[in-house]
Amino acid sequence: MTGSQCQEARLRLGWSTRMLANKAGVPWYAVMNLDYGTGEVDPAIVDALTRAFKQAGLELR
């Protein structure tokens with residue numbers, strides 16, 4: 001998942017970065033780093049975000 005895909009999916013669901021972080025069980029700054037491309041993001045965090053989107057009914061490809 002790219003940062004723009006994450007941001008687009010998050011906004012589509014009406015979630016803030018903090019809401020997504022809470023739903024995925026990851027630090028808020030990790031979502032910010034991915035969304036805005038400002039830092040390295042652990043693949044485990046990307047997996048957790050992907051699962052959160054999937055649970056909400058969004059499949060990212």
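A crossing is left-handed if the near helix is turned anticlockwise from the far one by less than a right angle, and right-handed if clockwise. Helices are DSSP runs of H or I of at least four residues, numbered from the N terminus. The model is predicted, so local features need pLDDT of at least 70 and side-chain atom pairs count only at pLDDT 80 or more, while totals for chains, interfaces and linings use all residues. Residues are numbered from 1 along each chain as its sequence is written, and side-chain values use heavy atoms, with hydrogens and water left out.

Two packed helices are described by the angle between their axes and the distance between the axes. Axes are lines fitted to C-alpha atoms over the stretch in contact, and angles run from 0 to 180 degrees between N-to-C directions. Helix α2 (residues 17–24) and helix α3 (residues 28–36) cross at roughly 120°, their axes coming within 8 Å. This makes α2 oblique to α3. Angles under 35 degrees count as roughly parallel, over 145 as roughly antiparallel, 65 to 115 as roughly perpendicular and the rest as oblique. The crossing of α2 past α3 is right-handed. Contact means heavy atoms within 4.5 Å. On the α2 side, T17, R18, L20 and A21 meet W28, V31, M32 and D35 of α3. By class, this contact holds 5 nonpolar, 1 polar and 2 charged residues. Ala, Val, Leu, Ile, Met, Phe, Trp, Tyr, Cys and Pro count as nonpolar, Asp, Glu, Lys and Arg as charged, and the others, Gly among them, as polar.

The axes of α2 and α4 also come within 8 Å, crossing at roughly 95°. Helix α2 is therefore roughly perpendicular to α4. Here L20, K23 and A24 of α2 meet A48, L49, A52 and F53 of α4. The contact of α2 with α4 comprises 6 nonpolar residues, no polar ones and 1 charged.

The whole structure contains 1 aromatic pair. The ring centres of W15 and F53 lie 6.0 Å apart with planes at 10°, so the pair is stacked (centres within 6.5 Å; planes under 30 degrees apart stacked, over 60 edge-to-face, the rest tilted). W15 sits in the loop between α1 (3–13) and α2, and F53 in helix α4 (residues 43–55), so the pair ties together parts 38 residues apart in sequence. Both W15 and F53 are buried (under 20% relative accessible area; exposed over 50%, partly exposed in between; 1.4 Å probe, protein chains only).

Q7 belongs to helix α1. Its relative accessibility is 22%, so Q7 counts as partly exposed. Q7 touches D35 and Y36, not counting residues up to four places away in sequence.

Technical notes. Helix = DSSP H or I, 4+ residues; strand = E, 2+ residues; numbered from the N terminus.
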